[in-house]
Amino acid sequence: MPKLLHISASPRGERSESLALAAAFLDGYRRLNPGDEVEEWDLWDGSLPEFGPAAAAAKMDAFAGQEPTGAGAEAWRRARAAFERFAAADKYLFSVPMWNAGVPYILKQFIDVVSQPGMVFGFDGELGYSGLVTGRRAAVIYTSAVYGEGRGPAFGADFQAPYLESWLRWAGITDIASVEFRPNLATTEVGARREQARADAADAAKKL
């Protein structure tokens, strides 16, 4: 049975714009794909391991072709478990609010945990990196309160979508659909833009 994994980076629950759009996406997806499994991964639920000194040492051991030992071995086991949960899906939905022009730190933590040699990527001294998470598709919902395309630098910059989509392509996921809801705090059209974003989210579900 195909599996869709929804990875949520918002801690705001019912007040979250990105989660509301994800719900619109998933409603449409479930109607179109009633036989598919849908798994929710709230990155704030405590299941994501840290990536500290022991994990960093284990990663360098793996790069050197050595087996991690001691605290590094346990950190590597937890990183592999997180990766295997990620890699078990055939399709992905990411719901990503903008924080300080970028992504929430918990999503960066997720990326740092799963992006390991032999898991998300391979490496060759002559050819460089190769993504190993191939044959999957992803949809991403981006929200922001101030930043928006076409606004001046006083309204911020976008290090959110370029960062996440660069990582997805680096990992081997090149089929990516995106939905954006970026209302300016001073706009009078928030309601209409929200409804359009929800329609866009439901439409994106048809393409995944």
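Mentor: With two definitions: contact means heavy atoms within 4.5 Å, while helices (H or I, at least four residues) and strands (E, at least two) are DSSP runs, numbered from the N terminus. The model is predicted: local features need pLDDT of at least 70 and side-chain atom pairs pLDDT 80 or more, whereas totals for chains, interfaces and linings use all residues. Residues are numbered from 1 along each chain as its sequence is written, and side-chain values use heavy atoms, without hydrogens and water.

Trainee: Which residues of α3 and α4 meet?

Mentor: From α3, Ala-79, Ala-82, Phe-83 and Phe-86 meet Phe-110, Val-113 and Val-114 of α4. That contact divides into seven nonpolar, no polar and no charged residues. Ala, Val, Leu, Ile, Met, Phe, Trp, Tyr, Cys and Pro count as nonpolar, Asp, Glu, Lys and Arg as charged, and the others, Gly among them, as polar.

Trainee: What is the angle between α3 and α4?

Mentor: Helix α3 (residues 71-87) and helix α4 (residues 105-114) pack at about 105°, and their axes are 8 Å apart. Axes are lines fitted to C-alpha atoms, for helices over the stretch in contact, and angles run from 0 to 180 degrees between N-to-C directions. Angles under 35 degrees count as roughly parallel, over 145 as roughly antiparallel, 65 to 115 as roughly perpendicular and the rest as oblique. Therefore α3 is roughly perpendicular to α4.

Trainee: Why are α2 and α3 called roughly perpendicular?

Mentor: The axes of α2 (residues 53-63) and α3 cross at roughly 85° and come within 8 Å, so the pair is roughly perpendicular. Ala-54, Ala-55, Ala-58, Lys-59 and Ala-62 in α2 meet Ala-71, Gly-72, Ala-75 and Trp-76 in α3. This contact has seven nonpolar, one polar and one charged residues.

Trainee: What makes α1 oblique to α6?

Mentor: The axes of α1 and α6 (residues 190-204) cross at roughly 45° and come within 7 Å; the pair is therefore oblique. Among the residues that meet are Leu-21 and Phe-25 in α1 and Arg-194 and Ala-197 in α6. By class, the contact has eight nonpolar, no polar and three charged residues.

Trainee: In what order do the five strands of the open sheet run?

Mentor: The order is β2-β1-β3-β6-β7, with parallel pairing. Two strands pair if DSSP finds at least two bridges between them. The edge strands, β2 (37-42) and β7 (175-181), each pair on one side only. Neighbouring strands are turned by 15° against each other on average, direction ignored. Helix α1 (residues 17-32) packs on this sheet, touching β1 (3-8), β2, β3, β6 and β7, and its direction makes about 160° with that of β3.

Trainee: How many bridges join β3 and β6?

Mentor: Seven bridges join β3 (residues 91-97) and β6 (residues 137-143) in the parallel sense. Val-96 stands opposite Tyr-142 in β6.

Trainee: Why does the radius of gyration of the protein chain agree with a compact globule?

Mentor: The globule rule, 2.2 Å times the number of residues to the power 0.38, goes with a radius taken over C-alpha atoms. For 208 residues a compact globule would be near 17 Å, and the protein chain has 18 Å, so the values agree. The C-alpha trace spans about 60 × 45 × 35 Å along its principal axes.
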